[in-house]
Amino acid sequence: MPVTKSWATSAVTGAVVLTLAFGVTLTGAAYAGEIPGNTEGGMEQSGGKNDGGIYATARITYSGSVAANGSKGNVTSADVNWTPPPCWYAPYLGAKDFKKKMSGDIESQMNAPGMGGHAGAALSELKRHYEDEYGWTDTPGYKDYNVDKDGEGMFWAAVENPDEPDLLKRNSCNDLPFWVDNGEAPPPQYEQAITPEILAALAYQHMQLPDTEVSLAPEQTTKVNLPTWAWLDKAVFDEVQATAAINVPGFNIEATTTARPVSLTLEPGTDDAVTYPASGECVINNDDSIGEPYARGKANRTPPCGIKYLRSSGSGTYNLQATITWDISWTGTGGAGGDLPDGTFGNGQEVTVQEIQAVNR
């Protein structure tokens, strides 16, 4: 009976076969899309070669202002409905390396005690798919794992995003590994194949924004009903960039995500306060600063960006939250580009508010 794509997919993603066919997404080895250790400043890693010069893996590399050691960055999307891709397909192994890996796993599973029935049949179909050109609609089979085309392309495989908390979404890229010739685009049915736009979203996810502390006057300790001025100088308030790239023979793409500061939102840490402006959102000035520094002679003026506390903090402090909103855009290989949802990142600052001592005259 000819195998159908739906039958093959459901069979191969069974508990026994899942480890075999999709080990690229479930093991800790250096497979496609692995996030390398990284630090701000552009440290990069790429896939390694074997003795024959064939790249065995294709890693996403990160450079620029990104979190260290491949960690998730500190940007929060202002759009609660937007999330980075939970999984994708990326170059995995050359033909000879893929044959060694996949055929070894198939034989190991087929020889396991008690292997038979539905799982055994699925393994047999999987073996025929890669060895005997056994395929189905829009998914052709392969002859001897395409070893006669070794060096002319790569098998692509699913990659999980380790920062995706939803296991079902993380495992939603569940197609079998497929072949892509060097210089060619993946077949159109693989909509989640890695693209510059996906790389841009991953760069966004790993972007590290600066810990910028807002300047206050009075600083740290203020008085009830006394306006506190807040500002950010443009010298510490500049755009940030992060780049994600894949670079293997026949497939080289990258995307740079840029964050530009656009506003500062102040949350006093208590309801007994008013903000300037009333919305609490201080927009960026023409000189790329926010707010206005306090100077002698401005005591009777209303600050363009600031807070007035209406009640003492007593023996404690108020936690002033200063959140910067960043406009996020990206550019990538081939002139691609566009916008991503705004990002936010906030810092907390402890503020002591004291009563003004009355003086009788």
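**Exercise 1.** Find which residues lie nearest the centre of the largest pocket, and describe its lining.

*Solution.* The largest pocket of this predicted model is lined by 20 residues, and Lys72, Ser77, Trp82, Thr83 and Pro84 lie nearest its centre. Here a pocket is an open set of points on a 1 Å grid over the protein atoms alone where a 1.4 Å probe fits, with protein on both sides within 12 Å along at least five of seven lines, and lining residues have an atom within 4 Å of a point. Next, sorting the lining by residue type gives eight nonpolar, six polar and six charged residues. Finally, strand 2 (76–77) and helix 7 (196–206) each supply at least two residues of this lining.

Residues are numbered from 1 along each chain as its sequence is written. In the predicted model local features need pLDDT of at least 70 and side-chain atom pairs count only at pLDDT 80 or more, while totals for chains, interfaces and linings use all residues, and side-chain values use heavy atoms, with hydrogens and water left out.

**Exercise 2.** Work out which parts of the chain the disulfide of cysteine 87 and cysteine 173 ties together.

*Solution.* The sulfur atoms of cysteine 87 and cysteine 173 are 2.1 Å apart, and a disulfide is a pair of cysteine sulfur atoms within 2.5 Å. Cysteine 87 lies in strand 3 (residues 87–93) and cysteine 173 in the loop between helix 6 (167–170) and strand 5 (178–181), so the link joins parts that are 86 residues apart in sequence. With 85 degrees about the S-S bond, this link is right-handed.

How values were computed. Helix = DSSP H or I, 4+ residues; strand = E, 2+ residues; numbered from the N terminus. Nonpolar A, V, L, I, M, F, W, Y, C, P; charged D, E, K, R; others polar.
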